[in-house]
Amino acid sequence: MMTVMNLLLIRHALNDWVGERLAGWTPDVHLNDEGRAQARALAQRLAEVPLAAIYSGPLERTLETGQPLAEARGLEIKVRPALGETRYGDWTGRTLEGLKEEALWPVVQVYPTGVRFPGGESMPEVQARLVSELDGIRDAHPGQTVAVFSHSDPIKLAVAFYAGLPTDLFQRLTISPASVTAFTFTQYGPRLICLNHTESLPTFKTETGKSEEA
């Protein structure tokens, strides 16, 4: 009987920086009131999904998003630095409006594989570290369902890799705060089950003929 593995990629919930500033690895960026409500609602949405483990990047906004789910399941959040946000270098903390005046900004939108953020990472480096970490998590949980909390650009880059999309088109994807994107991994490769879900989730299978209602 073939077993499959389900990977839920979850973006952190809202904070006051979303849509305003490039937080990057700025410390002490916490969820706001709406974000905390989103985190609680997320735990309820996933109530019927039999999670085996919860992983997260180390920044406060991902950990705070995962905490209600971890408490509801009696699971410890396993922190992995490689699941963290893109390192934006000199752009960290700047307003999005200000960054749109930079000559590099349109290049980020149309040719991201050719970009290295000043003093920071390149997009291919972010994709490589995310996929490497996610592959390790998958190997550790055959036949199980696992939740991973991360950030918008890293999740989009991982989706592009597993779905076979050109990385230069990853900006066409949308990953909303507290959204769930799910892959099922089989012996024939990954299958994208849902993208950017913010409401109810589909059925996940772990073995042929068996399903988990979500």
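**Questions about a predicted model**

Biologist: What distance does the polar contact that joins the side chains of R129 and E121 have?
Modeller: A polar contact is a pair of N or O atoms within 3.5 Å, where within protein one must be able to donate a hydrogen and the other to accept it, and where residues adjacent in sequence count only if both atoms are side-chain atoms. By that rule the side chains of R129 and E121 are joined, and their polar contact has a distance of 2.9 Å.

Biologist: What kind of model is this?
Modeller: Residues are numbered from 1 along each chain as its sequence is written, and side-chain values use heavy atoms, with hydrogens and water left out. Local features need pLDDT of at least 70 and side-chain atom pairs count only at pLDDT 80 or more, while totals for chains, interfaces and linings use all residues, since this is a predicted model.

Biologist: Does R129 count as buried or exposed?
Modeller: R129 lies in helix α5, where helices (H or I, at least four residues) and strands (E, at least two) are DSSP runs, numbered from the N terminus. Buried means under 20% relative accessible area, exposed over 50%, and partly exposed in between, with a 1.4 Å probe and protein chains only. Since R129 has 18% relative accessibility, it counts as buried.

Biologist: How far apart in space are R129 and P81, C-alpha to C-alpha?
Modeller: Contact means heavy atoms within 4.5 Å, and, not counting residues up to four places away in sequence, R129 touches several residues, including P81, G84, E85 and E121. In sequence R129 and P81 are 48 residues apart, but in space, C-alpha to C-alpha, the distance is 9.7 Å.

Biologist: How many salt bridges does a search of the whole structure find?
Modeller: A salt bridge is a side-chain nitrogen of Lys or Arg within 4 Å of a carboxyl oxygen of Asp or Glu. One of them joins the side chains of E102 and R94 at 2.8 Å, N to O, where E102 is partly exposed with a relative accessible area of 29% and R94 is partly exposed at 30%. When the whole structure is searched, the number of salt bridges found is nine.

Biologist: How many residues apart in sequence are the parts that E85 and R61 tie together?
Modeller: The side chains of E85 and R61 meet in a salt bridge of 4.0 Å, N to O, and both residues are buried. E85 lies in the loop between β3 (77-79) and α3, whereas R61 lies in helix α2, so the pair ties together parts whose separation in sequence is 24 residues.

Biologist: In which helix are D153 and K156 three residues apart?
Modeller: Their side chains meet in a salt bridge of 3.5 Å, N to O, with D153 buried at a relative accessible area of 13% and K156 buried at 7%. Being three residues apart, D153 and K156 are separated by about one turn of helix α6.

Biologist: Within what arc do the buried residues of α1 fall, seen down its axis?
Modeller: In α1, the buried residues are G35, Q38, A39, L42, A43 and R45, while the face turned away from the buried side carries the exposed residues D33 and Q44. The arc is that of the directions from the helix axis to the C-beta atoms. The buried residues line one face of the helix, so seen down the axis they fall within an arc of 160 degrees.

Biologist: Which residue has the backbone oxygen that the side chain of R45 reaches?
Modeller: R45 has its place in helix α1 (residues 33-45) and counts as buried at 18% relative accessibility. Leaving out residues up to four places away in sequence, R45 touches A178, V180, H197, T198 and E199. At 3.2 Å, its side chain reaches the backbone oxygen of A178.

Biologist: Which residues touch the most other members of the largest nonpolar core?
Modeller: A nonpolar core is a set of buried Ala, Val, Leu, Ile, Met, Phe, Trp, Tyr and Cys residues joined through side-chain atoms within 4.5 Å. In soluble globular proteins, nonpolar side chains tend to be buried together. Here the largest core has 34 residues, and those that touch the most other members are L9, W91, L134 and V148.
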